[in-house]
Amino acid sequence: KMASASGAGSAAALWSEVNRCGQNGDFARALKSVNKILQINKDDVTALQCKVVCLIQNGNFKEALSVINTHTKVLTSDIIAFEKAYCEYRLNRIENALKTIQSASQQTDKLKELYGQVLYRLERYDDCLAAYRDLIRNSQDEYEEERKTNLSAVVAAQSTWEKVMPEDLGLREATYELCYNSACALIGQGKLNEAMKKLQKAEELCRQSLSEDSDVTEEDIEAELAIIHGQMAYIMQLQGRTEDALQLYNQIIKLKPTDVGLLAVIANNIITINKDQNVFDSKKKVKLTNAEGVEHKLSKKQLQAIEFNKALLAMYTNQADQCRKLSASLQSQSPEHLLPVLIQAAQLCREKQHAKAVVLLQDFADQHPASAAEIKLTMAQLKIAQGSITKACMILRSIEELQHKPGMVSALVTMYSHEEDIDSAIEVFTQAIQWYQQFQARTNYSCCVFQPKSPVHLSLIREAANFKLKHGRKKEAISDLEELWKQNPKDVHTLAQLISAYSLVDPEKAKVLSKHLPSSDTLSLKVDVDALENSHGATYVRKKAGKLTGDSQQKEQGQGDVKKKKKKKKGKLPKNYDPKVTPDPERWLPMRERSYYRGRKKGKKKDQVGKGTQGSTTAGSSELDASKTASSPPTSPRPGSAAAVSATSNVIPPRHQKPAGAPATKKKQQQKKKKGAKGGW
């Protein structure tokens with residue numbers, strides 16, 4: 001009895017200690033007291049519950065869950081359901097947490113709050129939205145603002161990831177969190193300018209809210225603003241302001257925020273800006289996307305985008321095996337997704353294996369008809385790159401949902417024209433026109449009202465007619481032009497084209513049709529002559545009347561037909577021209593044809609010309625004398641070399657007079673050569 005009484009007394013003291021520590025938030029000391037209580041009674045339900053709570057408060061979720069699973073007989077699901085589900089949620093065992101919540105006998109408010117968080121992590125946004133609406137409707141406490149923030153986050157996620165038009169929740173955006181979520185929803189709708197204004201408002205509210213707390217430093221404020229600035233940079237990137245976005249992204253990274261999810265998203269966005277450039281920086285940034293816990297911070301689509309970019313980066317850095325491994329993993333995770341197959345095909349093309357790439361794409365198109373159009377467009381591009389234009393045309397024409405589109409028709413006609421296959425080009429026009437005619441017939445039948453031909457249909461007929469005229473298919477072009485004129489008899493342009501075409505085939509018919517042309521009197525051309533003359537395309541601009549004087553006006557009227565005489569340019573005289581010396585009348589003749597030419601003097605210095613260093617002579621120098629070869633034409637001296645000119649007369653013609661500064665030329669050139677050699681070191 002004495003022992004039991006003392007044990008009861010110590011237990012009471014321990015419970016008092018636990019209560020006091022719990023109120024003070026000292027859960028570490030409270031845990032020690034609880035453990036002592038459990039030494040007295042290991043199956044004490046209250047003590048076990050307190051131990052689990054203390055472990056959760058200290059962040060020891062694994063140990064807390066272990067205690068719950070070890071004492072399942074004592075800690076039943078109706079007693080400890082919330083704590084167990086919360087531990088599973090914090091340990092990222094989201095599916096287990098959902099099962100624990102759903103298996104609870106009673107759905108308390110705490111479980112409903114946690115249920116909403118679990119549904120959000122599972123990306124079940126419709127169910128999550130309903131759960132939070134129910135909570136807001138049936139709860140009245142100090143956490144109402146947090147619930148509204150969570151509700152707006154769900155709406156933003158729907159808009160961003162599911163492209164659902166968000167409904168107006170009527171929430172008053174009094175906090176920066178609500179403003180931020182509203183901006184995210186606007187980004188999902190593509191309203192980038194409005195989203196930027198919301199983010200600027202969120203930044204202002206955040207600064208106001210945090211600056212009221214004296215303990216918060218400027219660094220803390222910047223850290224809190226990092227996610228807002230990251231979203232601003234993302235909008236800039238979407239708007240094409242990549243330099244501004246890159247600068248803001250790098251500023252956020254320098255702050256070293258603790259949110260690994262934010263860092264991973266920013267690093268991924270920088271990699272998308274770099275593309276195949278600045279690969280070294282991208283390889284550094286990709287490490288941020290591999291940080292621990294990233295997979296629990298981001299949505300599935302965000303993680304998928306990061307993995308796609310990793311595969312592309314591996315391709316750009318010539319890591320072929322890594323690229324194949326990543327793209328194969330992505331394809332196994334998302335078999336119906338198109339991008340992994342395109343990455344594999346791109347890698348094969350980089351390895352010059354175009355045939356394998358086409359086979360890979362064809363297999364995927366056969367297995368996934370919904371993506372066949374995009375795949376076939378890629379296949380056609382590969383065929384064009386290989387120079388197989390005709391095969392590319394065949395692939396494009398097999399895309400039934402696109403073959404009648406004006407863009408596709410234009411591409412096919414251009415490609416067939418390049419291959420000089422005019423018949424196939426005309427066939428493309430004919431099939432497209434027939435498709436629109438059938439579509440028109442179906443529309444008329446369903447509406448029971450006659451409708452005019454569509455503008456696309458008529459423009460195709462006109463383009464076909466122009467194409468046929470260009471390539472000499474006049475009769476076929478006439479048929480198309482008659483169809484156009486029948487649709488609009490007042491179209492003068494079409495009538496003129498038709499007359500022009502008939503004039504080449506049937507002139508009489510052209511004369512008959514020309515009677516339908518309006519007379520020149522009925523044509524009223526409203527042309528502003530002054531505006532036309534002053535336009536950028538005008539070749540001649542009329543002088544303004546204000547600048548003309550009376551004399552100049554008379555000159556213009558009286559001498560309008562007189563052509564202005566051109567001034568003769570003075571002829572250029574040679575540099576060595578001397579006005580005192582009479583020019584040689586035979587200066588225009590070649591030297592050999594002049595009367596005073598006596599040929600070159602023989603015997604002088606003939607042995608001094610030869611190969612070797614300067615000043616040296618060789619035995620065979622006489623063989624190099626060009627004067628001994630009758631058929632050798634005279635060669636001009638090289639620039640900078642001395643050329644001796646022989647003459648028998650005392651009078652030197654002007655064309656052969658040596659300039660006054662000639663003797664110094666050689667020295668100047670030698671000085672330049674020395675200067676150039678010095679600069680080369």
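How many cavities of 30 Å³ or more does the structure hold? There is one, a cavity being a set of points on a 1 Å grid over the protein atoms alone where a 1.4 Å probe fits but cannot get out. The model is predicted, so to speak of local features takes pLDDT of at least 70 and side-chain atom pairs count only at pLDDT 80 or more, while totals for chains, interfaces and linings use all residues. Residues are numbered from 1 along each chain as its sequence is written, and side-chain values use heavy atoms, with hydrogens and water left out.

The largest cavity comes out at about 40 Å³, a volume being the space filled by probe spheres set on the points, which are joined across faces, edges and corners. Its lining (residues with an atom within 4 Å of a point) is made up of Asn-268, Ile-271, Val-286, Thr-289, Ile-306, Asn-309 and Lys-310. Helix 14 (260-274) and helix 16 (300-316) are the elements that each give two or more residues to this lining, and helix 16 gives the most, with three. Helices here are DSSP runs (H or I, at least four residues), numbered from the N terminus.

Elsewhere, helix 6 (residues 94-102) packs with helix 7 (residues 109-121) at an angle of about 145 degrees, their axes 10 Å apart. Axes are lines fitted to C-alpha atoms over the stretch in contact, and angles run from 0 to 180 degrees between N-to-C directions. On the helix 6 side, Ile-94, Ala-97, Leu-98, Ile-101 and Gln-102 take part, meeting Leu-111, Leu-114, Tyr-115, Val-118, Leu-119 and Arg-121 of helix 7, where contact means heavy atoms within 4.5 Å.

Note on methods
1 Å grid on protein atoms, 1.4 Å probe; cavity = no way out; pocket = protein on both sides within 12 Å on 5 of 7 lines; lining within 4 Å.
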